[in-house]
Amino acid sequence: MEKPISDFAPTDANRVPRYADVATFMRAKAIPLEQVGDIDVGIVGVPFDLGTVYRMGSRHGPASIREQSRTIKPVNFHTKTAPYDIARIADLGDAPVHPLSLDVSFEIITDWFNQVRDHGVRPLVLGGDHTLSLPVLRGLARDRAVGMIQFDAHSDTSDEIRGSKLNHATPFRRAVEEGLLDPKRVIQIGLRGSAYSADDYTWARSVGMTLITMDDFEEKGRAAVIEEARSVVGDLPAYLTFDIDGLDASFCPGTGVPEPGGFSMRDAMVILRGLQGIDVIGADVVEVSPPLDIADLTARNAAFLGFELLCLLASASRDKH
């Protein structure tokens, strides 16, 4: 017999102050994966940054995002979504990683998300660098290609960096090659900045991905971009990934490759709210590097974006019941 949703209510701030007790995401109940049972949505940290090619430190992102999520209240004022009222949500802790081996980390992260998928849990993933989206997708999309909505300053579809095929500039090229992503159901939003060559995005376009630069975004406007994203992924399962550097650099100093001229937090939150109803099988917010941050600004913004993603995951879970 399934446990009632009320059994998974987060800690009440009227009983325990928000600054007290161990930090889980939004003070959700902490439940280990092996006891996941009836969970619909699970928060999972992936403290991994061995795919970073410039400024490191995002292995500390999950802990910092959880800490900053203490301030978030349980109801989304704008969409009226109360995720903990409509889905069984728990913080499952961190996926295992090997601090010195990318290859071993990929194996054990993939195994972890295979188990998450087997339990029917939709994960909200806290990163960690963007390389981690690949082993997450290897677990969640192992038997069919899914769509994806990506918020990012960079396409992350390079073939290699200094001979390495696995790093935070390559995950979505590998995901397409491995049959995890249907490129015709992938949209990347917010691309901008400098490039290694004029051909940096040629491959992504050649396989059918939809690319929206920040110039496109300004010309089209938020509402049109929301509709285009919904149209690209359609009604089939989709993954959402938010690289924090999709935000303008003033909103995310604590990231590996900050790029000026990106989304405001208002832009990002409104777009995410406009994606209600999509069959979101999982989502991540990545590239938060607390050692590079200023007054926890980046982690705090990531936590609020995580809340918007949690609302989407909870709604998708409810709609599938």
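**Phe-217 and Phe-263 are both buried.** Buried stands for under 20% relative accessible area, exposed for over 50% and partly exposed for what lies in between, with a 1.4 Å probe and protein chains only. The model shown is predicted: local features need pLDDT of at least 70, side-chain atom pairs count only at pLDDT 80 or more, and totals for chains, interfaces and linings use all residues. Residues are numbered from 1 along each chain as its sequence is written, and side-chain values use heavy atoms, with hydrogens and water left out. Across the whole structure, 4 aromatic pairs are found. Rings of Phe, Tyr and Trp (its six-membered ring) pair if their centres lie within 6.5 Å; planes under 30 degrees apart are stacked, those over 60 are edge-to-face and the rest are tilted.

**Phe-48 and Phe-106 form a tilted pair, because the ring centres are 6.1 Å apart and the planes stand at 55°.** Helices (H or I, at least four residues) and strands (E, at least two) are DSSP runs, numbered from the N terminus. Phe-48 and Phe-106 are both buried. A cluster linked by ring pairs holds Phe-151, Phe-217, Phe-242 and Phe-263.

**Lys-80 lies over the face of Phe-77.** The distance to the ring centre is 4.5 Å. A charge sits over a ring if NZ of Lys or CZ of Arg is within 6 Å of the ring centre and within 35 degrees of the ring normal.

**Strand E1 is mostly covered, with 6 of its 6 residues buried.** Val-41, Ile-43 and Gly-45 point one way from E1, while Gly-42, Val-44 and Val-46 point the other way. In a regular strand, side chains alternate between the two faces of the sheet. E1 runs parallel to strand E2 (residues 89-94), joined by 4 bridges; two strands pair if DSSP finds at least two bridges between them. The bridge partner of Gly-42 in E2 is Ala-90. E1 is also joined to E3 in the parallel sense, by 6 bridges, and Val-46 stands opposite Gly-127 in E3.

**Strand E8 (residues 280-286) is largely enclosed by the rest of the structure, because 7 of its 7 residues are buried.** Strand E3 (residues 122-127) pairs with E8 in the parallel sense over 3 bridges, and Leu-124 has Ala-283 in E8 as its bridge partner. Strand E7 (residues 238-243) runs parallel to E8, with 6 bridges between them. Asp-243 stands opposite Val-286 in E8.

**E7, helix H9 (residues 265-273) and E8 make a right-handed β-α-β unit.** Right-handed means that, with the strands pointing away from the viewer, the path from the first strand over the helix to the second runs clockwise. H9 has 8 of its 9 residues buried, so the helix is largely enclosed by the rest of the structure. Among the buried residues of H9 are Met-265, Asp-267 and Arg-273. Their cover includes E4, H7, helix H8 (222-233), E7 and helix H10 (297-320); contact here means heavy atoms within 4.5 Å.

**Arg-59 lies in the loop between E1 and H1.** Arg-59 counts as partly exposed because its relative accessibility is 30%. Its side chain makes a polar contact of 2.8 Å with the side chain of Asp-49. A polar contact is a pair of N or O atoms within 3.5 Å; within protein, one must be able to donate a hydrogen and the other to accept it, and residues adjacent in sequence count only if both atoms are side-chain atoms. Leaving aside residues up to four places away in sequence, Arg-59 touches Pro-47, Phe-48, Asp-49, Leu-50 and Pro-99. The C-alpha atoms of Arg-59 and Asn-76 are separated by 28 Å, and these residues are 17 residues apart along the chain.

**Asn-167 is in the loop between strand E4 (146-151) and helix H5 (171-177).** With 3% relative accessibility, Asn-167 counts as buried. The side chain of Asn-167 reaches the backbone nitrogen of Ala-169 at 2.9 Å. Not counting residues up to four places away in sequence, Asn-167 touches Gly-51, Val-53, Thr-131 and Ile-161.
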